[in-house]
Amino acid sequence: MTTTNAMMNSTPLMRIDIVCAVPQVVEQVLSTSIIGRAREKGVVEILLHNLHDYATDRYRHIDDTPFGGGAGMILSCEPVFSCVERLQSERTYDDVIYMTPDGEQLTQPLANRLSMKHNLILLAGHYKGIDQRIRDVLVTREVSIGDYVLTGGELPAAVLADAVVRLLPGAMGDAESALNDSFQTGLLDYPHYTRPADFRGHVVPDVLQGGNHAEIERWREAEAYRKTLQRRPDMLEGRPVVDPLAAKNKRKRTKPGSVPGDTEVSHG
């Protein structure tokens, strides 16, 4: 078990225990940047638990061959039950989350909901899979980061932890930044620019340089809609999508007493 949390705050907002076979894979990832600073400030406590420490034989085996035959090795019940039940004997956990390709898709709304929890266990599988009885008895939620297979669940666990921790108050220097991320508003993010205004002939849009905050906000909203329509039209299903710039220009062209035309952007 390892932790790099300096615990500057007496009571972290969240504790995450990651149970896995190869903790070295995630330790460095979760010790740098926003997540590392959140741990140092005591916003979150993240502990890694090596399943090999809970093995029952001298060789520290945590897997075995599958009943019924077939390729690959299966993570055994004993080390997982021993680790998780020890943790549960010390505190109450909101969820025991198993990272698996056939789980619920990780989305921003799910990350938002999980950020409201206090104690989470993330179980990372390895090898071919884990014994089904672990899923039946211990696991309360199963989460996937995409329709593909990795060597183990350590990196998916790190992805989920990152997505959740960055939403905690105090984790980011600019709290508004997380609220404006892609998917938080149901849309992809708008384009961003910084200095210089002209780089090799590629110029920042005039509206962003004009200082009119209302115009800038309309431009950003329109660009977010357009990017979503182009790249992820599935996100717009079941909702009317209005191009704010087109709507604004239409209002300017409409004479008093006339009926404005439809300015909705079709996405079907």
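This is a predicted model: local features need pLDDT of at least 70, side-chain atom pairs count only at pLDDT 80 or more; totals for chains, interfaces and linings use all residues.
Me: Is Asn119 buried or exposed?
Reply: Buried means under 20% relative accessible area, exposed means over 50%, and partly exposed lies in between (1.4 Å probe, protein chains only). Since its relative accessibility is 18%, Asn119 counts as buried.

Me: In which strand is Asn119 placed?
Reply: Helices (H or I, at least four residues) and strands (E, at least two) are DSSP runs, numbered from the N terminus. The strand that holds Asn119 spans residues 119-124 and is S6.

Me: How many bridges join S1 to S2?
Reply: Within this pair, Met14 stands opposite Val44 in S2. The two strands run parallel, and the number of bridges joining them is seven.

Me: How many of the seven residues of S1 are buried?
Reply: Side chains in a regular strand alternate between the two faces of the sheet. In S1, Met14, Ile16, Ile18 and Cys20 point one way, while Arg15, Asp17 and Val19 point the other way. The strand is largely enclosed by the rest of the structure, because the number of its seven residues that are buried is seven.

Me: With which residue does Asp17 meet in a salt bridge?
Reply: A salt bridge is a side-chain nitrogen of Lys or Arg within 4 Å of a carboxyl oxygen of Asp or Glu. Both partners of this one are buried. With an N to O distance of 2.8 Å, Asp17 meets the side chain of Arg15.

Me: How many salt bridges does the structure hold?
Reply: One of them joins Arg218 to Glu215, with the closest N and O atoms 2.9 Å apart. These two residues lie in helix H9 (residues 213-231), three residues apart, about one turn of the helix. Asp95, Glu104, Arg113 and Arg141 are linked in a network of salt bridges. The number of salt bridges in the structure is 14.

Me: Which residue forms a salt bridge with Asp53?
Reply: At 46% relative accessibility, Asp53 is partly exposed. The closest N and O atoms are 2.5 Å apart, and the partner is Arg60.

Me: How far from a polar atom of the side chain of His52 does the backbone oxygen of Arg60 lie?
Reply: His52 is in the loop between strand S2 (44-50) and S3. Contact means heavy atoms within 4.5 Å, and, not counting residues up to four places away in sequence, His52 touches Ala21, Arg60, Ile62 and Tyr127. From the backbone oxygen of Arg60 to the polar atom of His52, the distance is 3.0 Å.

Me: In the open sheet of three strands, what is the strand order?
Reply: The edge strands, each pairing on one side only, are S3 (63-64) and S7 (129-130). S3 and S4 (residues 74-75) pair in the antiparallel sense over two bridges, and Asp63 has Leu75 in S4 as its bridge partner. The pairing in the sheet is mixed, and the order is S3-S4-S7.

Me: What percentage of the 268 residues in the chain is buried?
Reply: The chain has 10 helices and 12 strands. Among contacts between residues at least 6 apart in sequence, 76% join residues at least 24 apart. Of the 268 residues, the buried share is 41%.

Definitions and conventions: Residues are numbered from 1 along each chain as its sequence is written. Side-chain values use heavy atoms; hydrogens and water are left out. Two strands pair if DSSP finds at least two bridges between them. A polar contact is a pair of N or O atoms within 3.5 Å; within protein, one must be able to donate a hydrogen and the other to accept it, and residues adjacent in sequence count only if both atoms are side-chain atoms.
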